[in-house]
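Please keep the structure open while you read.

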Amino acid sequence: MFNKIALTAALSATMILVGCNNSGTSAANNPQLEERSKLMKDWRQANEGMKAMMENPDTFDAATFKERADFIADSNAAMWTHFEGDAAKGGDAKDEVWTDAEGFRAKTEEFTASINALSAAAATATTAADVEAQYGEMASNCGSCHKAYKK
Ligand code: HEC
């Protein structure tokens, strides 16, 4: 489900892309690579913010944590469209994303279930302990997909 914030983020990402396509990198010639690289970096930033709160439970702020989880949940469906089709091949994605498309889809589905569960848990959480299990599951899915499908 997309909320207004996610839509705004998607629109501004598109505008940034349009403004940056003369940067001369190979990704700049492939909008799919550029879009997923930018979004993965935004996910890293959101994830690092959540991780810091998990490591220092005293700093847990329920609203900020939820905002970060929701950012990933709300842009999740869009992320996987940037790996679709032969034109999306390349970058740091292994060929297996396309040669083992079933396996890659299974990873995206596991991730989707875990980020949705984290987002749901974050909606009622008051302490880091309330989201610990769901956070751990979600974060391990980032890593397990990278191990199999990222160069
Ligand atoms: C289903 C697989 C999958 C999941 C889940 C996944 N990633 Fe990725 N990620 C990839 C692939 C493939 C690439 C390489 C894409 C490319 O550069 O072409 C990548 C690239 C990245 C990059 C490097 C971006 C760049 O261009 O420098 C970061 C950072 C990243 N992912 C963070 C995350 C985080 C954080 C999560 C979890 C919140 C996550 N990813 C979840 C598959 C996944």
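Predicted model: local features only at pLDDT ≥ 70, side-chain atom pairs only at ≥ 80, totals over all residues.

1. **Overall fold.** The protein chain has six helices and zero strands. Along the sequence the pattern reads α-α-α-α-α-α. Of its 151 residues, 23% count as buried. Take the contacts in the protein chain with a separation of 6 or more: residues 24 or more positions apart account for 66% of them.

2. **Helix α2.** This helix has 25 residues. From first C-alpha to last, α2 reaches 36 Å, close to the 36 Å expected at 1.5 Å a residue. L33, E34, E35, R36 and M50 are its buried residues. Note that E34, E35 and R36 are in that buried set.

3. **M53, also in α2.** M53 lies in helix α2. Is M53 buried or partly exposed? M53 counts as partly exposed, because 19 C-beta neighbours lie inside 10 Å, and a buried residue needs 20 or more. Leaving out residues up to four places away in sequence, M53 touches T59, F60, D61, F65 and A128. M53 and F65 are 12 residues apart in sequence, and their C-alpha atoms are 7.9 Å apart in space.

4. **Helix α5.** Here 24 residues reach 36 Å from first C-alpha to last, close to the 34 Å expected at 1.5 Å a residue. Buried in α5 are F104, K107, F111, S114, I115, L118, S119 and A122. These buried residues pack against α3, α4 and α6.

5. **Helix α6.** Why does a span of 26 Å agree with the 18 residues of α6? At 1.5 Å a residue, α6 should span 26 Å, and its end C-alpha atoms are 26 Å apart, so the two agree. Q134, Y135, M138 and Y149 are the buried residues of α6. They sit on the same side of α6, because they cover an arc of only 110° around the axis. On the other side of α6, A133, G143 and K147 are exposed. The buried residues of α6 pack against α2, α4 (96-99) and α5.

6. **The largest nonpolar core.** Which members of this core touch the most other members? Of its 15 residues, they are F65, A69, I115, L118, A122 and V131. Helices α3 (62-81), α5 and α6 each supply at least two residues of this core. The largest share, five residues, comes from α3.

7. Another core, of five residues, lies apart from the largest one. Among its members are F83, A93, V97 and Y149. Y149 is also one of the buried residues of α6.

8. **I115 in detail.** I115 is one of the buried residues of α5. Not counting residues up to four places away in sequence, I115 touches I72, A73, N76 and M138. M138 is among the buried residues of α6.

9. **T81.** T81 is placed in helix α3. Is T81 buried or exposed? T81 is exposed, because 12 other C-beta atoms lie within 10 Å, and 12 or fewer counts as exposed. T81 and Q32 are 49 residues apart in sequence, yet 8.3 Å apart in space, C-alpha to C-alpha.

10. **N30.** N30 is in the loop between α1 (4-19) and α2. With 18 C-beta neighbours inside 10 Å, N30 counts as partly exposed. N30 and K89 are 59 residues apart along the chain, and 9.4 Å separates their C-alpha atoms.

Terms used. Residues numbered from 1 in each chain as written. Helix = DSSP H or I, 4+ residues; strand = E, 2+ residues; numbered from the N terminus. Expected span 1.5 Å × (residues − 1). Arc of directions from axis to C-beta. Contact = placed C-beta atoms within 7 Å. Core = buried A, V, L, I, M, F, W, Y, C linked by C-beta atoms within 7 Å.
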